[in-house]
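Take a look at the model below. What follows walks through its fold, one contact set at a time.

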Amino acid sequence: MDKLIVWEDKITLGGVALSDSDTENIKTLSLCMGEDIVTTCDRLSVLLQTLSDAWETLKDLSERILEVLAVEKEDICESCIGRRTRHGSSIKAGKPRQAKANIKWQEKYRPP
């Protein structure tokens, strides 16, 4: 790890001193693993870099999936857009029903 200095119970990384809680967490991890603080910091750095690479890979994969879905969505012919169906669909979504006047049958069929 670049410029890691452990001095008087303080850990300095690249000229920036870590907070007391971060220092205590790193010391606890190094005691649990049975290694020195420098090795623990190196392993934490490798772990964080691996997670960052995995995140970038997932981000690229999701962008590719969105591109594929966008191309599939545009692959609808003009006649199917008018009928609101996908090309080759067995279910036809007909045109919406027109609104009808709400007239009671007594008014419609009453004698003159």
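Leaving aside neighbours within four places in sequence, T23 is in contact with D9, I11 and L18. Contact here means heavy atoms within 4.5 Å. T23 lies in helix α1. T23 is buried, at a relative accessible area of 2%. The classes are buried under 20% relative accessible area, exposed over 50%, and partly exposed in between, with a 1.4 Å probe and protein chains only.

A word on the source. This is a predicted model, in which local features need pLDDT of at least 70 and side-chain atom pairs count only at pLDDT 80 or more, while totals for chains, interfaces and linings use all residues. Residues are numbered from 1 along each chain as its sequence is written, and side-chain values use heavy atoms, with hydrogens and water left out.

Helix α1 covers residues 20-33, which is 14 residues. From its first C-alpha to its last, α1 reaches 20 Å, close to the 20 Å expected at 1.5 Å a residue. That expected span is 1.5 Å times one less than the number of residues. Which residues of α1 are buried? They are T23, I26, K27 and S30. They cover an arc of only 100° around the axis, so they sit on the same side of α1. The arc is taken from the directions that run from the helix axis to the C-beta atoms. Just after α1, G34 takes a positive phi of about 75°.

Now the strands. An open sheet of three strands has the order β1-β2-β3, with antiparallel pairing. β1 (4-7) and β3 (16-17) stand at the edges with a single partner strand each, so one side of each is left without a neighbour in the sheet. Two strands pair if DSSP finds at least two bridges between them. β1 and β2 (residues 10-13) pair in the antiparallel sense over four bridges. Within that pairing, I5 stands opposite T12 in β2.

Next, the charged pairs. How many salt bridges are there? The count comes to two, where a salt bridge is a side-chain nitrogen of Lys or Arg within 4 Å of a carboxyl oxygen of Asp or Glu. One joins the side chains of D20 and K10, at 3.0 Å from N to O. This pair links distant parts of the chain, with D20 in helix α1 and K10 in strand β2, 10 residues apart. D20 counts as exposed, at 52% relative accessibility. K10 is partly exposed, at 38%. R43 forms a salt bridge with E35, and their closest N and O atoms are 3.1 Å apart. R43 is partly exposed, with a relative accessible area of 46%. E35 is partly exposed too, at 26%.

Finally, the whole chain. There are four helices and three strands, in the pattern β-β-β-α-α-α-α along the sequence. Both kinds of element are DSSP runs numbered from the N terminus: helices are H or I with at least four residues, strands are E with at least two. Buried residues make up 11% of the 112 residues. Of the contacts with a separation of 6 or more, 13% are between residues 24 or more positions apart. The chain exposes about 10,200 Å², and carbon and sulfur atoms supply 58% of that. The areas come from the Shrake-Rupley method with a 1.4 Å probe; for residues, only the protein chains shown count as cover.
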